[in-house]
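Please read the following note alongside the structure shown here. It is written as a set of numbered points for a colleague who is new to reading such models.

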Amino acid sequence: MKILIAVDMEGITGVTTWDQVTPGHAEYSRFRKLMTQDVNAAIRGAAEAGADEIIVADGHWNGSNILVEELDSRARLNTGSPSPFSMMQGIDESVDGVLFIGYHARNGTANAILDHTWSSKTVANIWLNDILTGEYGLNASLAGHFGVPVILVSGDQTACAQVNELLGDVEMAVVKQATGRFAAECLTPEVSQGLISMSAARAVGRLNDGDVPDPFVLDTPVRVAVEFFTSDMADRATRIPFTEREGTRVSFTAPEMVSAYNVFRAMVMLAIG
Ligand SMILES: [Zn+2]
């Protein structure tokens, strides 16, 4: 059984501020260690439940946060950027299930630590086939393109709830209760990592039993709409041919989800300027 662990940082144990997830800041080194530990907890649980091939994708910022020297040796690490599939590097038809570790809610959500959608200064909202979603939806639908289900999410209570609302009954490891964008009641690493490990084992066990939600497969062609924060961002995004613009909202249609993911990423890179 092959598992992809897709990792972001905002939903990692103890994280409540941008400083903690921003390279160069004094706090960052503490939290990349905690990020690595949360991932190790997921590897441990997945391996104990029968996963025999585990790929980790470091999906935060420039994709070089996880400490490879401290990573459980049962996994291999996709690190660095840009990589072909970014936060989902390593996804293909050979993967049996995806674990989302350290995930966060979409931009504009109450009681959600560091809520944003892909780029906190650029993207206000994204819709896939008219479904308002966040990074979790983009990444789940890319997995769905390859026929792979998401089976676990860890993060605050709101991120976990959004993933469950979109995908159905996936295992949840709620490592903090957010009370604002920058405030939460957090479990200690010892407790939260025990929870992540147990939930990962349960998720892989359920996958073995065929008791997980279906892969999230979008109807094709895929309609993507991106709302930017400012009109100059939309100006730059519409340099991509075959896009349509309405205010700060730029949309396009892609034949399938891999192209949709690629065009979306290109659009955001352009928009940032
Ligand atoms: Zn992130």
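1. The model is predicted. E10 and H60 link distant parts of the chain, as they are 50 residues apart. E10 belongs to the loop between strand 1 (2-7) and helix 1 (28-48), whereas H60 belongs to the loop between strand 2 (53-58) and strand 3 (75-78).

2. Are E10 and H60 buried or exposed? E10 has a relative accessibility of 2% and therefore counts as buried. H60 also counts as buried, at 4% relative accessibility. The cut-off for a buried residue is under 20% relative accessible area.

3. An open sheet is formed by five strands in the order 6-5-10-12-11, with antiparallel pairing. Strand 6 (131-133) and strand 11 each have a single partner strand, so one side of each is left without a neighbour in the sheet. On average, neighbouring strands of this sheet are turned by 25° against each other, direction ignored.

4. Within this sheet, strand 5 (residues 123-128) and strand 10 (residues 222-228) run antiparallel and are joined by five bridges. I126 has V226 as its bridge partner in strand 10.

5. Helix 3 (residues 157-167) has the buried residues T158, A159, C160, Q162, V163, N164 and L167. These buried residues pack against strand 4 (97-103), helix 2 (135-145), strand 7 (150-156) and strand 8 (171-178).

6. Both ends of helix 3 deserve attention. At its start, the backbone nitrogen of T158 has a side-chain oxygen of D156 within 2.9 Å. Just after the helix, G168 adopts a positive phi of about 100°.

7. T238 lies in the loop between helix 5 (231-237) and strand 11 (244-246). Its relative accessible area is 18%, so T238 is buried. A polar atom of the T238 side chain is 2.9 Å from the backbone oxygen of D235. Leaving aside neighbours within four places in sequence, T238 is in contact with T243, R245 and V250.

Terms used
Residues are numbered from 1 along each chain as its sequence is written. This is a predicted model: local features need pLDDT of at least 70, side-chain atom pairs count only at pLDDT 80 or more; totals for chains, interfaces and linings use all residues. Side-chain values use heavy atoms; hydrogens and water are left out. Helices (H or I, at least four residues) and strands (E, at least two) are DSSP runs, numbered from the N terminus. Buried means under 20% relative accessible area, exposed over 50%, partly exposed in between (1.4 Å probe, protein chains only). A polar contact is a pair of N or O atoms within 3.5 Å; within protein, one must be able to donate a hydrogen and the other to accept it, and residues adjacent in sequence count only if both atoms are side-chain atoms. Contact means heavy atoms within 4.5 Å. Two strands pair if DSSP finds at least two bridges between them. Axes are lines fitted to C-alpha atoms, for helices over the stretch in contact, and angles run from 0 to 180 degrees between N-to-C directions.
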